[in-house]
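Dear colleague,

Please find below the structure that I am handing over to you. My notes on what was found in it follow directly after.

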Amino acid sequence: MANPTDSLDPLFVPVRRENGEQERISRPALSAFQDSWRRLRQNKAAVISLILLGIMIVLAIVGPWLTKYSYAQTNYSAVYQSPSADHWFGTDKFGRDQWARIWQGTRISLLIAVLAAALDLVVGVAYGAISALKGGKVDNVMQRIIEILIGVPSLIIIILLMMIMKANIFTIMVAMSITGWVGMARLVRAQILKLKQQEFVLAARTLGTSNTQIIFKHLIPNTIGMIVINTMFTIPSAIFTEAFLSFIGLGLQSPQASLGVLIHDGFQTLSSHFYLLLFPALVIVVIMVAFNILGDGLRDALDPRMRK
Amino acid sequence: MAEQGKKKPLVQVEGLKRHFQVGGGKTLKAVDDVSFEIYPGETFGLVGESGCGKSTLGRTLIRLYDATDGKVLFDGEDVHGTKSKTELKALTRRIQMIFQDPYASLNQRMNVEDIIAEGMDAHGLAKNRAERTKRVVELLETVGLNAEHAKRFPHEFSGGQRQRIGIARALAVDPDFIIADEPISALDVSIQAQVVNLLQKLQRERGLTYLFIAHDLSMVKHISDRIGVMYLGGMVELATSDDLFEEPLHPYTQALLTAIPIPDPRLERERKRQLLQGDLPSPIDPPSGCRFRTRCPFATEHCKNKAPEWREVRPNHWVACHLYGSESDRAAMKA
């Protein structure tokens with residue numbers, strides 16, 4: 001029999017299939033981190049948030065040193081000054097420099113953010129992971145403890161603590177430590193319980209992988225995205241809690257400065273000196289919105305299945 | 001097949017039970033008193049409806065679940081006996097598993113090289129980095145993939161490719177016995193053939209023994225030497241593939257076989273399906289006596305009172321049904 005291609009138009013040449021050609025993947029090979037970073041960069045809002053947060057952090061660190069005034073230094077001959085070359089954001093009712101006070105307050109907010117993140121990452125993750133991995137009675141007891149903590153409104157605990165202890169940043173931290181990690185613990189527990197039954201974990205066990213290896217190679221890497229995202233959403237709510245407490249007068253007291261204290265002071269003179277409220281409010285809004293948008297962006301970037 | 005009786009079995013399952021406590025003091029008997037043997041180099045097919053305990057049986061064999069009762073002997077050694085960690089590890093290296101869901105069975109966060117080398121790492125089979133990579137590439141080529149795939153992540157592969165990665169992972173520790181837990185049921189038909197052919201090729205080349213769990217009867221017939229039929233946690237019939245398809249004895253097997261479509265429109269039109277009545281009863285509260293009696297067209301009062309024995313009614317053909325039971329049981333069935 002003649003070769004069927006002989007009779008065909010010479011223009012048509014059969015495509016030669018290279019061996020293994022159909023198994024080829026055209027996408028470039030990227031590591032998990034490269035891939036996530038690439039996708040985060042594509043998200044404009046998240047990149048802007050990241051930059052804004054970077055600026056806020058830098059200003060919180062160096063801001064108070066950029067002006068010759070200290071945040072607590074009063075000057076009764078220069079009260080209620082409008083923003084000027086001398087006092088960039090003006091001065092408050094005691095003539096304290098608002099620029100120095102705002103960045104001092106931002107430091108407090110960011111300190112709260114670090115604490116909230118650390119609590120989530122250390123206590124929350126460990127508690128949830130142990131609860132899920134031990135299972136049985138241990139899990140049962142640990143979950144009941146969490147339910148009790150959730151059952152009592154955290155605001156009441158905080159207010160009671162404030163009445164017993166001194167109203168300072170340490171007290172706020174203690175109050176937040178009591179319940180701040182609970183949400184993370186529950187999420188991590190649920191995630192690990194789910195992962196524990198997944199086939200790839202069973203496969204690891206049949207392959208002879210030790211329990212420690214299973215935790216570090218399979219369970220934690222698969223929870224890390226969720227942990228990061230949840231941390232990003234806990235931080236703004238912690239910052240807000242502190243600001244709220246200070247605003248209603250339960251948090252820091254003058255001359256200490258936090259964004260909540262500044263907003264509280266600014267609010268009282270809103271009609272005459274609006275800028276005393278405007279600047280600290282802007283800073284806290286930027287921080288909170290940026291954390292939320294960045295958290296959203298990270299959620300999309302860290303999940304390999306969310307790729308478009 | 002006749003000489004199988006003389007050969008030493010690779011896997012011996014004796015009265016294996018796996019019960020789960022489901023709360024409220026109730027027990028789910030997922031696997032209840034199952035006995036069979038698997039011989040070296042053969043493919044043992046295990047079929048049954050969803051939820052009949054096939055997968056649980058497979059997982060209990062490899063000690064992913066601890067047996068409630070009974071024994072699993074692998075090459076003469078008890079898998080469930082008390083053993084040191086290293087002894088158990090050495091034993092389970094020889095038994096590997098291929099999983100059903102190619103999407104859930106690979107860790108999304110690890111690249112293919114690390115996935116395949118996981119067993120090698122656990123057992124210290126590769127001396128150094130270069131040897132590890134070399135072995136992984138060899139395995140990738142064995143399953144029809146190539147070296148370029150080693151640095152990829154599972155989500156970049158299709159279902160069939162992922163299943164082949166899963167096979168390569170199981171092969172990495174050089175096992176003798178592979179439990180394939182519905183390895184093709186999540187794949188397209190065209191890909192199913194690809195994976196089954198690969199499994200058969202590997203069996204020829206490496207002398208592997210398979211326990212092939214499935215619910216697709218025609219595929220099981222194609223691949224298996226012997227087939228066991230499970231119903232509600234118990235084995236109801238076991239025979240060579242040809243015997244089982246030519247002369248099914250148990251009423252449940254008969255019903256199952258009439259459910260296979262015939263690839264001929266004329267014959268298919270005349271095919272009489274023997275439909276089973278009712279639904280699969282709950283394994284938490286199984287029927288008394290014979291488990292199948294609630295749906296069996298031949299059930300009598302005797303089936304309610306006494307559970308049928310597991311008997312070898314013909315050479316190499318085992319069945320648990322009073323219709324093929326002892327003289328007295330058969331007499332009781334007629335009464």
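**Contact between the chains**

The contact draws on 29 residues of chain B and 22 residues of chain A. Please bear in mind that the model is a predicted one. On the side of chain B that touches chain A, the elements giving two or more residues are helix H2 (85–93), strand S6 (95–98), H3 and helix H5 (159–171) of chain B. The most is given by H3(B), with 4 residues.

**Chain A as a whole**

Chain A contains 11 helices and 0 strands, and its elements, read from the N terminus on, run α-α-α-α-α-α-α-α-α-α-α. Of the 308 residues in chain A, 37% are buried. Among the contacts in chain A with a separation of 6 or more, 67% are between residues 24 or more positions apart.

**Helix H10 of chain A and its surroundings**

Helix H10 (residues 259–268) of chain A packs against helix H11 (residues 275–302) of chain A at an angle of about 150°, and their axes are 8 Å apart. An angle over 145 degrees counts as roughly antiparallel, and H10(A) and H11(A) are therefore roughly antiparallel to each other. The crossing in which H10(A) passes H11(A) is left-handed.

The residues of the contact of H10(A) with H11(A) comprise 10 nonpolar, 1 polar and 1 charged.

H10(A) is mostly covered, with 8 of its 10 residues buried. These are Leu259(A), Gly260(A), Val261(A), Leu262(A), Ile263(A), His264(A), Asp265(A) and Gly266(A). The cover over the buried residues of H10(A) includes helix H3 (98–134), helix H9 (211–247) and H11 of chain A.

**Helices H3 and H9 of chain A**

Two of these covering helices, H3(A) and H9(A), also pack against each other: their axes come within 8 Å and cross at roughly 135°. H3(A) and H9(A) are therefore oblique to each other, and H3(A) passes H9(A) in a right-handed crossing. On the H3(A) side, the contact is made by Ser109(A), Ile112(A), Ala113(A), Ala116(A), Ala117(A), Asp120(A), Leu121(A) and Val125(A); on the H9(A) side, it is made by Ile227(A), Asn230(A), Thr231(A), Thr234(A), Ile235(A), Ala238(A), Ile239(A) and Glu242(A). The residues of the contact of H3(A) with H9(A) divide into 10 nonpolar, 4 polar and 2 charged.

**Phe291 of chain A**

Phe291(A) is found in helix H11 of chain A. Phe291(A) counts as buried because 23 C-beta neighbours lie inside 10 Å, the cut-off for a buried residue being 20 or more. Leaving aside residues up to four places away in sequence, Phe291(A) touches Met232(A), Ile235(A) and Pro236(A). Leu270(A) is 21 residues apart from Phe291(A) along the chain, and the C-alpha atoms of the two are separated by 27 Å.

**Nonpolar cores**

The largest nonpolar core has 90 residues, of which Ile116(B), Ala168(B), Ala180(B), Leu211(B), Phe212(B) and Val236(B) touch the most other members. Helix H3 (residues 112–123) of chain B supplies the largest share of this core, 6 residues. Ala168(B) touches Ile116(B), Leu139(B), Leu140(B), Thr142(B) and Val143(B), residues up to four places away in sequence not being counted. Apart from this core lies another, of 56 residues, which includes Met232(A), Ile263(A), Leu298(A) and Leu302(A).

**Positive phi values in chain B**

Most residues other than glycine have a negative phi. Asp174(B) has a positive phi, near 60°, and is not a glycine. Asp174(B) lies in the loop between H5 and strand S7 (177–181) of chain B and is partly exposed, with 14 other C-beta atoms within 10 Å. For Leu232(B), likewise not a glycine, phi is positive at about 50°. Leu232(B) is placed in the loop between strand S9 (226–231) and strand S10 (234–240) of chain B; with 24 other C-beta atoms within 10 Å, Leu232(B) is buried.

With kind regards

Terms used:
Residues numbered from 1 in each chain as written. Chains lettered and ligands numbered in written order. Predicted model: local features only at pLDDT ≥ 70, side-chain atom pairs only at ≥ 80, totals over all residues. Axes fitted to C-alpha atoms, helices over the stretch in contact; angles between N-to-C directions. Parallel < 35°, antiparallel > 145°, perpendicular 65-115°, else oblique. Left-handed = near helix turned anticlockwise from the far one by under 90°. Nonpolar A, V, L, I, M, F, W, Y, C, P; charged D, E, K, R; others polar. Core = buried A, V, L, I, M, F, W, Y, C linked by C-beta atoms within 7 Å. Buried ≥ 20, exposed ≤ 12 C-beta atoms within 10 Å, placed from the backbone. Contact = placed C-beta atoms within 7 Å.
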